[in-house]
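User: I would like to understand how charged side chains pair in a protein model. Please take me through it step by step.

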Amino acid sequence: EAGALEALVASLCVHRADAIVQECACRALFNICVGTDAAGLARKQRAAEAGALEAAVAALGAHRAHAGVQHYACGALSNICSGTDTASIARAQRAAEAGALE
């Protein structure tokens with residue numbers, strides 16, 4: 001509710017060339033978007049709606065040689081897309097459409 005997810009996505013978009021910012025923001029998304037209870041699923045959905053999937057995919061592409069970015073961006077994508085409900089499946093499809101499988 002405080003806007004942390006939106007702020008993280010904004011930082012990923014504004015500081016695309018800064019690998020440290022990308023790693024830290026992806027790490028935060030990774031940690032925030034964990035959980036399968038109602039609150040966890042809501043955080044995952046809010047992150048996706050804020051553009052986190054596309055931002056994490058962009059981070060992967062921009063920093064291919066940076067292990068920390070690769071690790072946490074993949075982890076963020078995994079956590080945001082995890083689940084078996086309809087919304088989780090839609091998030092996974094959205095990540096794929098953003099290029100997560102390339």
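Analyst: Glu23 counts as buried at 14% relative accessibility, where buried means under 20% relative accessible area, exposed over 50% and partly exposed in between, with a 1.4 Å probe and protein chains only. This is a predicted model in which local features need pLDDT of at least 70 and side-chain atom pairs count only at pLDDT 80 or more, while totals for chains, interfaces and linings use all residues. Residues are numbered from 1 along each chain as its sequence is written, and side-chain values use heavy atoms, leaving out hydrogens and water.

User: With which residue does Glu23 form a salt bridge?

Analyst: A salt bridge is a side-chain nitrogen of Lys or Arg within 4 Å of a carboxyl oxygen of Asp or Glu. Here the closest N and O atoms are 3.0 Å apart. Both partners lie in helix α2 (residues 19-32), four residues apart, about one turn of the helix. The partner of Glu23 is Arg27.

User: Why does Arg27 count as partly exposed?

Analyst: The class partly exposed lies between the buried and exposed limits. Arg27 falls into that class because its relative accessible area is 32%.

User: Which residue pairs with Glu54 in a salt bridge?

Analyst: The closest N and O atoms of this pair are 2.8 Å apart. The pair links distant parts of the chain, with Glu54 in helix α4 and its partner in helix α6 (residues 86-97), 40 residues apart. The partner of Glu54 is Arg94.

User: How many salt bridges does a search of the whole structure find?

Analyst: Another pair is Arg46 with Glu6, whose closest N and O atoms are 3.1 Å apart. For the whole structure, the number of salt bridges found is three.

Key:
Helix = DSSP H or I, 4+ residues; strand = E, 2+ residues; numbered from the N terminus.
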